[in-house]
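Hi,

Here is the structure I said I would pass on.

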Amino acid sequence: MTAEKHSEEEILLAFSVEPTHDRETLEQYLIEYPEHAKALVTYSIELMVDATRNDDAVVTSEGAVDRAWQRFQTAVDQPGNVLVTNPFATLNPTAFRSLAKKLDITNLLLIRLRDRAIVAATIPRRFVHRLATELGATAEVVTDYLQSPPAIVSGHSFRSTVKPAVTEQISFTEAIETSQLAPTQLDALKALQD
Amino acid sequence: MPEPLKRKKKDGTLYERPPEIEAWLKKLEMVEVAERLRQFATLSTKSIDYVPSEALIYFLRRAWANGMQGDFKEIFCILMKRIEQSLCSAISDSRMVGARGIREEIMGRFAERIAKDCKGRTGLLDFYEIRFDKAFSASRTSALRQIGPTVVDTVSLGTDEDDGLEISAEVEAAAADFLSSDPEKLDDPAFRLALTAAIDCLPDDQKQVIGLLLQGFQIDSKDKNIMSIARILQCDERTVRNRRDRACKALKAILQEEMHNDC
């Protein structure tokens, strides 16, 4: 449930920065993200109503800003990068290959996903959900991980034709076109595109 | 030169700030830090000295990246005051039970988002540097769906009590008249503003139907390629019509009362 809510906010945020919020834009989002239809409709109406609200309302509560600061400090003081966990961390080479097989993708594509070499926003949501299911993680954890900065992930030791390096991220489309996938695998992944 | 955003669109290109925000950033980068902080402190959106919140987000992130903790905290607090002010309008005590707690939770969640951004999550605040008010409205809407009173649908979708309630022909005719017979009236900015404010007073199910109608969606269609209101809300077209009719009746009453008060 949390994962669903998290992705709902990201979809609304993406909608928020669209140049226009007319019927065509809303319709496009409704088609792409039918699972968030009610949220999108509610938000589109909020945008209409916001224009009539007075943002200079008198603030009545006390200490809310201080409590927000406390919450910031608690979150930022957590050691390390615990807010983002690596759902691939526990996979040994055999489990990694097995995961690629279950997802019906090549090891190369899975490596690119693991190393965050693909722009997270371009990865189809349905694929992220499948990946999360197979990893036994929530979609939120996987999304958080995929959205983190690209890096070489240590602790993995399997043969690869790709030299490990922090490289410029590529789009999902570009990644599947260049990951030695069979035509049927490629078609299946293209069909998942948002 | 302001640093570019890091977040990428689905097509792989980077998101960009609007030109007017870029202009603000360039102007503010030329100003001494103390003077900049003084300018940020203006809270009234109507003031000519008001600096857009998109710029505050930009300098908040720069302050963190440069280790300027004092500046960071100052901008953080100004930003939160602005957010609280905006939330007091959208989630006022008179409109929602437990409004204060809901407002604080939304502020807290935003504070955590800032913390995640500080800890290196790529582009987590980028949307707020593009269109702060709309982006924050998105976060607020999503949070309210989880923790607000609207989380419980008072009327379930599909074959429910909505379908059983018969709306009189008189009300239906009034609704049709209200929404379609005077399109020029809907184009009148003053009327539309009053109408939009009145829509905000409706229950959520009716608000959704009226909102979609005003955006040009049709109630129902046999063509599966057409995105109709019944399809979007996953309910029977009779339910949609009933909600529309009840909403129109309520809107008419609200607007008539307003006109009466204005007189």
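**What I found**

Going from the N terminus, the elements of chain B run α-α-α-α-α-α-α-α-α-α-α-α-α-α. That comes to 14 helices and zero strands. Do keep in mind that this is a predicted model.

Staying with chain B for a moment: it has 263 residues, and 35% of them count as buried. If you take the contacts in chain B with a separation of 6 or more, 60% of them are between residues 24 or more positions apart.

Next, the inside. Which residues touch the most other members of the largest nonpolar core? They are B:L56, B:L60 and B:I75, out of the 72 residues in that core. Helix α4 of chain B (residues 69-90) provides the largest share of this core, with ten residues. Apart from its neighbours within four places in sequence, B:I75 is in contact with B:F40, B:L56, B:F59, B:L60 and B:A63. There is also a second, separate core, made up of 20 residues, and A:I105, A:V119, A:I123 and A:L131 are among them.

Now for where the two chains meet. On the chain A side there are 53 residues in contact with 59 residues of chain B. Four helices of chain A, α1 (2-16), α2 (23-32), α3 (37-50) and α4 (64-77), each supply at least two residues of the side that touches chain B. Which of the elements gives the most to that side of chain A? It is α3(A), with twelve residues. By class, the side of chain A that touches chain B splits into 29 nonpolar, twelve polar and twelve charged residues.

The axis of α3(A) and that of helix α12 of chain B (residues 204-214) come within 9 Å and cross at roughly 70°. Angles of 65 to 115 degrees count as roughly perpendicular, so α3(A) is roughly perpendicular to α12(B). From α3(A), the residues making this contact are A:V41, A:T42, A:S44, A:I45 and A:M48, while α12(B) brings in B:K207, B:Q208, B:G211 and B:L212. Sorted by class, the contact of α3(A) with α12(B) has four nonpolar, four polar and one charged residues.

That's it from me. Happy browsing!

How values were computed
Residues numbered from 1 in each chain as written. Chains lettered and ligands numbered in written order. Predicted model: local features only at pLDDT ≥ 70, side-chain atom pairs only at ≥ 80, totals over all residues. Core = buried A, V, L, I, M, F, W, Y, C linked by C-beta atoms within 7 Å. Buried ≥ 20, exposed ≤ 12 C-beta atoms within 10 Å, placed from the backbone. Contact = placed C-beta atoms within 7 Å. Nonpolar A, V, L, I, M, F, W, Y, C, P; charged D, E, K, R; others polar. Axes fitted to C-alpha atoms, helices over the stretch in contact; angles between N-to-C directions. Parallel < 35°, antiparallel > 145°, perpendicular 65-115°, else oblique.
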